[in-house]
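Here's a quick briefing to read alongside the structure. Have the viewer open and follow along topic by topic.

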Amino acid sequence: MTTLEVRNLTKKFHGVLAVDDVSFTLTAGRTVALVGASGSGKSTIARMIARLVHPTSGEILLTGPEGVPLPRRSYRDHVQMIFQDPFASLNPFHTVEHHLARPLRLHGRSRTEVPSLLERVSLSPDLARRRPHELSGGQRQRVAIARALAPGARVIIADEPVSMLDVSIRLGILKLLARLQREEDLAVLYITHDLATARHFSDEVLVMHQGRIVERGPSDDVLVRPQDPYTRQLAAAAPNPEARFREGGPS
Amino acid sequence: MTWSGKLVTGLGLAALIVLFGLFGPLFTGDPATIRDIGLTPPGGEHLLGTTLTGQDVLAQLAHATRGSLWIGVLVGVMATVLSGVFGIVGAYAGGVVDEAFSLFSNVMLVIPGLPLVIVVAGFVPADQRGTWTISLVLAITGWAAAARVLRAQTLSLRNRDYVAAARVSGERTWRVICVEILPNLLPLLASQFVFAVVLAILSEAGLSFLGLGAANSSTLGTMLYYAQNGFALQREAWWWFVPPGLIIALFGGALALINFSIDEIINPKLRDRARRKRDVVAATAEVAPAEPGAVLTVRNLNVVYQGDNPVHAVKDVSLTLRRGEILGLAGESGCGKTTLAYAINRLHRPPAEVTSGSVTFEDVDVLALGPEELREFRWVRLSMVFQGAMNSLNPVTPIRAQLQDVLRTHRPGMSTPDRELRCAEVLRLVGVDPARLGAYPHELSGGMRQRVMIAMALLLDPQVMIMDEPTTALDVLVQREILNEIKRLRDELGFAVVFITHDLPLLLELSDRIAVMRDGEVVEYADAEDLYLRPQHPYTRELLASFPSLTGEPGALTR
């Protein structure tokens with residue numbers, strides 16, 4: 001089983017602690033949700049795991065299926081990231097084919113796998129010739145997911161993968177991620193500010209506030225019966241029409 | 001791409017001159033042949049006449065054009081490569097490399113170009129001053145400004161997610177620059193190349209005219225130099241100096257036109273500026289009698305984005321806003337909700353056009369208002385909080401000035417202490433300490449700035465506020481505070497609100513009535529409770545199902 005362990009990860013930007021001593025483990029077949037408000041340090045963690053930002057201190061350890069640590073140079077074969085904004089994460093100049101063929105080639109695979117990659121994310125292989133501006137937001141995000149799968153990654157970091165999408169297609173994308181995770185036994189880190197989807201699409205939840213993890217545990221426990229005052233506040237702040245109409249609460 | 005007149009004219013002229021430079025010398029004979037027919041006016045054997053020493057001006061012109069173009073292209077290529085290396089590579093690499101490259105570009109930029117060229121060209125002995133030397137000197141003095149522009153653009157591109165994605169997939173740095181960044185800089189590079197060519201041809205002409213040009217070369221500049229030395233002007237031999245001057249001017253003009261067109265391709269906003277009018281309201285139907293208690297009535301409103309493919313953004317929308325009511329307008333991106341809000345406020349800009357329908361505010365026909373009446377209506381009776389409004393505060397003035405500006409414009413009679421009092425009062429209303437009046441926007445958090453925007457919308461006691469996604473960019477906790485604030489203010493001040501968002505659960509909690517929009521149409525319009533408990537339209541049900549409940553059972557959401 002491929003696992004990614006984050007140990008005492010810390011990042012300072014100009015003296016400000018963006019991420020403060022964070023530790024957790026991603027294991028195959030499980031989704032961990034990282035929830036918190038904007039500025040809580042969630043995306044910085046994603047970027048450190050994706051090796052876009054260097055940690056100030058702490059370790060990120062990747063262990064292969066046989067329990068041996070994997071060498072640094074093959075890190076990107078195993079760990080990939082899905083970005084928040086599919087309108088920004090695809091290069092407007094290049095075709096869908098380019099976006100998938102490059103990572104395939106870089107990781108020793110053949111570009112003939114492009115059609116099957118598109119099918120894995122429920123897109124028609126005909127889309128390969130199109131450019132990003134010819135695709136809808138949902139289609140773009142599916143292409144971005146296919147790109148993350150292309151190197152054969154076993155660990156996927158999904159940084160707010162649906163928050164820039166129209167509401168009616170969000171669940172479809174989340175269900176796709178859940179299906180891929182189940183079928184291919186991936187380790188997934190789902191970063192979001194939306195507690196409801198975090199609860200339904202993850203096994204474990206980490207709640208972040210000002211760079212620290214303030215509460216963690218199985219998703220139902222943390223989000224339905226929160227202990228930490230900050231988590232409670234977050235849970236209470238989400239709009240809840242249920243309370244207004246079904247339980248006769250004040251309007 | 002449609003071919004604009006500018007582009008066609010520019011390309012046509014430039015192509016003619018390039019063809020003349022390429023093929024002219026093949027047909028015009030030797031430009032150096034001296035004949036004893038000095039200063040023959042145009043006509044007969046010599047179409048453009050002859051020089052003082054009887055050389056054919058047309059033949060000279062053809063060779064000179066070729067020489068000038070060659071220098072232009074050489075310098076264009078070299079300057080573009082230099083600016084690319086220093087601008088793009090520096091910006092992408094960042095850190096010390098960027099600092100060093102940027103410092104170097106800046107130093108090159110402040111050195112005045114032409115004097116340096118004259119000094120350098122003057123130092124190189126005339127017999128070693130070939131075309132390449134001159135081109136190199138011109139390129140070295142001419143790349144820096146372009147490098148700065150490229151650096152700024154690359155700095156913005158390197159932070160794009162697609163560049164980060166390429167790095168995550170393991171692309172090497174040079175490939176990220178060449179394959180991911182460079183293609184997106186192409187229009188910019190093209191326009192800078194064109195500019196460098198024009199500049200080189202002009203500078204070379206200037207140098208040659210001063211006798212500092214390339215030795216043994218023939219360019220439009222050397223032609224002018226000889227014409228000057230042969231007293232062409234005094235001898236009224238216009239055919240000697242007008243043609244080279246004209247070619248320089250025409251070629252410069254042609255390339256400038258091409259550059260304008262490139263700008264228009266990069267920035268489509270420049271394209272149809274000429275077509276734009278101020279405010280477009282095509283048809284105003286008869287004003288329907290308003291329902292009692294209604295403050296704002298929209299009847300069968302249609303808004304179309306005119307163009308080659310007109311887009312019907314708002315289709316036959318009818319809504320009624322009652323006094324003190326919160327009306328939710330729900331819909332996804334592109335459903336027309338923002339266009340509708342703008343049309344109600346008459347803020348829509350061409351190509352958007354209200355093709356039919358009516359907007360009635362109490363007894364005022366909004367679509368029929370003249371410019372002055374409109375100014376008295378907007379913000380005074382109906383104000384708006386825009387999407388991302390918190391970023392639309394002016395960063396360089398304190399919020400006091402920005403609030404007072406509204407009062408100064410709309411209540412010119414108000415005294416300064418009264419204005420101050422009113423500003424403090426509205427800040428207190430939205431839960432911001434009036435002591436913050438002196439603060440600059442960057443000193444306030446996003447939530448605070450959004451409250452200030454709401455305060456600004458409240459300043460003139462409007463009866464209606466339109467709020468377009470006022471909390472979308474904010475945290476859930478801040479959103480909660482602002483929603484509570486809006487409900488409280490509505491109860492205290494009794495104004496009505498049109499609240500626009502894609503977040504249906506939020507509207508269900510906040511609104512009295514909700515209109516669900518899709519593809520420009522209102523597909524369902526009902527009391528919030530009915531909409532929640534008994535949604536009629538399939539799209540409403542789909543939207544409702546898109547928001548899983550935090551506390552409810554997963555149900556259909558099982559993974």
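A polar contact here is a pair of N or O atoms within 3.5 Å; within protein, one must be able to donate a hydrogen and the other to accept it, and residues adjacent in sequence count only if both atoms are side-chain atoms. With that in hand, the side chains of B:Asn302 and B:His312 are joined by a polar contact of 2.8 Å.

Bear in mind that this is a predicted model, where local features need pLDDT of at least 70 and side-chain atom pairs count only at pLDDT 80 or more, while totals for chains, interfaces and linings use all residues. Residues are numbered from 1 along each chain as its sequence is written, chains are lettered from A and ligands numbered from 1 in the order in which they are written, and side-chain values use heavy atoms, with hydrogens and water left out.

**Around B:Asn302**

- B:Asn302 sits in strand S1 of chain B, residues 294-305 (helices, H or I with at least four residues, and strands, E with at least two, are DSSP runs numbered from the N terminus).
- B:Asn302 counts as buried because its relative accessibility is 8% (buried means under 20% relative accessible area, exposed over 50%, partly exposed in between, with a 1.4 Å probe and protein chains only).
- A polar atom of the B:Asn302 side chain also lies 3.3 Å from the backbone oxygen of B:Asn300.
- Setting aside neighbours within four places in sequence, B:Asn302 has contacts that include B:His312, B:Val314, B:Asp316, B:Glu353 and B:Thr355 (contact means heavy atoms within 4.5 Å).

**The sheet in chain A**

- Three strands make an open, antiparallel sheet in chain A, in the order S2-S1-S4 (two strands pair if DSSP finds at least two bridges between them).
- Strands S2 (16-27) and S4 (57-63) of chain A are at the edges with a single partner strand each, so one side of each has no neighbour in the sheet.
- From one strand to the next, the twist averages 15° (axes are lines fitted to C-alpha atoms, for helices over the stretch in contact, and angles run from 0 to 180 degrees between N-to-C directions).
- Strand S1 of chain A (residues 3-13) runs antiparallel to S4(A), and 6 bridges join them.
- Look for A:Arg7, whose bridge partner in S4(A) is A:Glu59.

**Helix H1 of chain A**

- Helix H1 of chain A (residues 42-49) is largely enclosed by the rest of the structure, because 6 of its 8 residues are buried.
- Among the buried residues of H1(A) are A:Lys42, A:Thr44 and A:Ile45.
- Just after H1(A), A:Arg51 has a positive phi of about 60°.

**A loop proline**

- A:Pro125 is in the loop between helix H4 (114-120) and helix H5 (137-149) of chain A.
- At 29% relative accessibility, A:Pro125 counts as partly exposed.
- Beyond its neighbours within four places in sequence, A:Pro125 is in contact with A:Pro115, A:Leu118 and A:Glu119.

**Aromatic pairs**

- Over all chains, the whole structure has 9 aromatic pairs (rings of Phe, Tyr and Trp, its six-membered ring, pair if their centres lie within 6.5 Å; planes under 30 degrees apart count as stacked, over 60 as edge-to-face and the rest as tilted).
- B:Trp238 and B:Trp239 make an edge-to-face pair, 5.8 Å centre to centre with 80° between the planes.
- B:Trp238 is partly exposed at a relative accessible area of 47%, whereas B:Trp239 is buried at 7% relative accessibility.
- B:Phe86, B:Phe101, B:Phe104 and B:Trp143 are linked into a cluster by ring pairs.
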